[in-house]
Amino acid sequence: MAALTLGLAQTPASAPGAAGQERHLRNIKQLTSGGENAEAYFSPDGSRLIFQSTRQESPCDQIYTIKIDGSDLKRVSTGTGRTTCGYFYPGGKQILFASTHEASAACPPKPSYERGYVWPIYTGYDIYRANADGSQLTPLTRTPGYDAEATVAPDGLIVFTSVRDGDMDIYSMKPDGSDVKRLTNRPGPDGGPFFSWDGKQVAFRGTPLAEGPELEGYRALLKEGLWRPTALELFVMGRDGSNQRQITKLGGANFAPSWHPDGKRLIFASNLADPKGRDFDVYLINIDGTGLERITNNDTFDGFPMFSPDGTHLVFASNRHAKSEGETNVFIADWVN
C-alpha cells in the first residue's frame, strides 16, 4: 500500500537521465482511463495484471484484473470496504489482496490533514485469498490492526506488512496464512516487501528511527492509525529476514521496489529529481547500490513499476495524460535494453 502522491520536502538533487528521454520504453500503452488506478502486478505467465482502482462504480479502491492488452477487465474484490495490494499466487489460479470489507462495508474515512500529510494505516485491513475470479474468498489474517502489502514467492510463501506488534514491520506466512514469522524488528516503519523472482530475497522500503522526538512522533501517530512518510530508503534481506542491508541513500522518498528478472537490480519510484518532492519517476539500481539509472521522465507521478516475468514489458502507474487532477492510470511498455 502506498499513496499516489506524496507531499514531501526534498533537497534539490540531480538524477541520471536527461529530461524527456525514456530510452528503455517503447510502445507505451495506457490500459485504464479515469479515476485512480495503481499497483498493477503481473500474473506468473505475464498475460494478466491485478491492480486497485477507484472509479465511478467504486468510490474507494477495489481490486480488478485485466489482460495486458487492456481487454477483459474484471472486478475480483467484493465491491465493499476498501482494498489494496492485489497479487497472484504461483500458477495464476488464485489471488490475494487486503480489504476492510469485514470491518465495514463503507469506505473508511480519509484522514484529516490538520497534522500535515499523513497516510491512513487502516486497522480494518486483513489479507484474503480467493480464486482468480474472486470466488471462495478466505481470510488469511485475523489479527487486530493493519495487515496488507502482501506479495508471494514462487513456492507460495507470503510476505506482508503488519502493525500487530506495535510497529510497522514485515512478516512472512505460509500460503494458507499459518506459521507467521516476524522478519524485521527495528524501530521505525518497514513495509512494501517484494520477493525476488527466485523467492530467495525480499526488497522493501524503510526508515530506521533512533530514540528521540521523531520516533516518539511516529509511534504516537501509528497508535491513531496514521503514518507520516518523511523519508524512505530501500533495503534487501533474505526471505527469512537475514542479511538486511541498505541499498539506497538518496534522500527523499524511495519506495515500491520490485526486481529486474536478472535478480541483480531493483526498479522503484523516487522523487530524487524534484526539489518539491512531488514529481516521482521510475529508477533502476544495482542491489549493491551502484548504477542508478532514471527510466521515466514525466513531470508528474510515475510509480509502482514491475517487470513482466520474461523482462519484455514494464508496467507502471502514472499521472501522465490525466484529464483531471489526481487521475492516475496504468501503463504498459515494451522494455528495450
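A: A nonpolar core is a set of buried Ala, Val, Leu, Ile, Met, Phe, Trp, Tyr and Cys residues joined through side-chain atoms within 4.5 Å, where buried means under 20% relative accessible area, exposed over 50% and partly exposed in between (1.4 Å probe, protein chains only). This is a predicted model, in which local features need pLDDT of at least 70, side-chain atom pairs count only at pLDDT 80 or more, and totals for chains, interfaces and linings use all residues. Residues are numbered from 1 along each chain as its sequence is written, and side-chain values use heavy atoms, with hydrogens and water left out.

Q: Which residues touch the most other members of the largest nonpolar core?
A: They are Leu96, Ile127, Ile158, Phe255, Leu266 and Phe304, out of 65 residues in that core. Another core, of 11 residues, lies apart from it and includes Leu25, Phe331, Ala333 and Trp335.

Q: And what is Ile127 in contact with?
A: Leaving aside neighbours within four places in sequence, its contacts (heavy atoms within 4.5 Å) include Leu96, Phe97, Phe160 and Met173.

Q: Is Ile95 buried or exposed?
A: Ile95 is buried, with a relative accessible area of 0%. It lies in strand E7 (residues 94-99); strands (E, at least two residues) and helices (H or I, at least four) are DSSP runs numbered from the N terminus. Beyond four places in sequence, Ile95 is in contact with Ile50, Val76 and Tyr87, among others.

Q: Changing topic: what lines the second largest pocket?
A: Its lining has 18 residues, with Pro44, Tyr87, Val152, Pro154 and Trp197 nearest the centre. Strand E6 (83-88), strand E15 (190-195) and E20 each give two or more residues to that lining. A pocket, on a 1 Å grid over the protein atoms alone, is an open set of points where a 1.4 Å probe fits, with protein on both sides within 12 Å along at least five of seven lines; lining residues have an atom within 4 Å of a point.

Q: How is E20 placed in its sheet?
A: Four strands form an open antiparallel sheet in the order E20-E21-E22-E23. Strands E20 (254-259) and E23 (293-294) are the edges, each pairing on one side only; two strands pair if DSSP finds at least two bridges between them.

Q: Which residue in E23 is the bridge partner of Leu284?
A: That is Glu293. Strand E22 (residues 281-286) and E23 pair in the antiparallel sense over two bridges.
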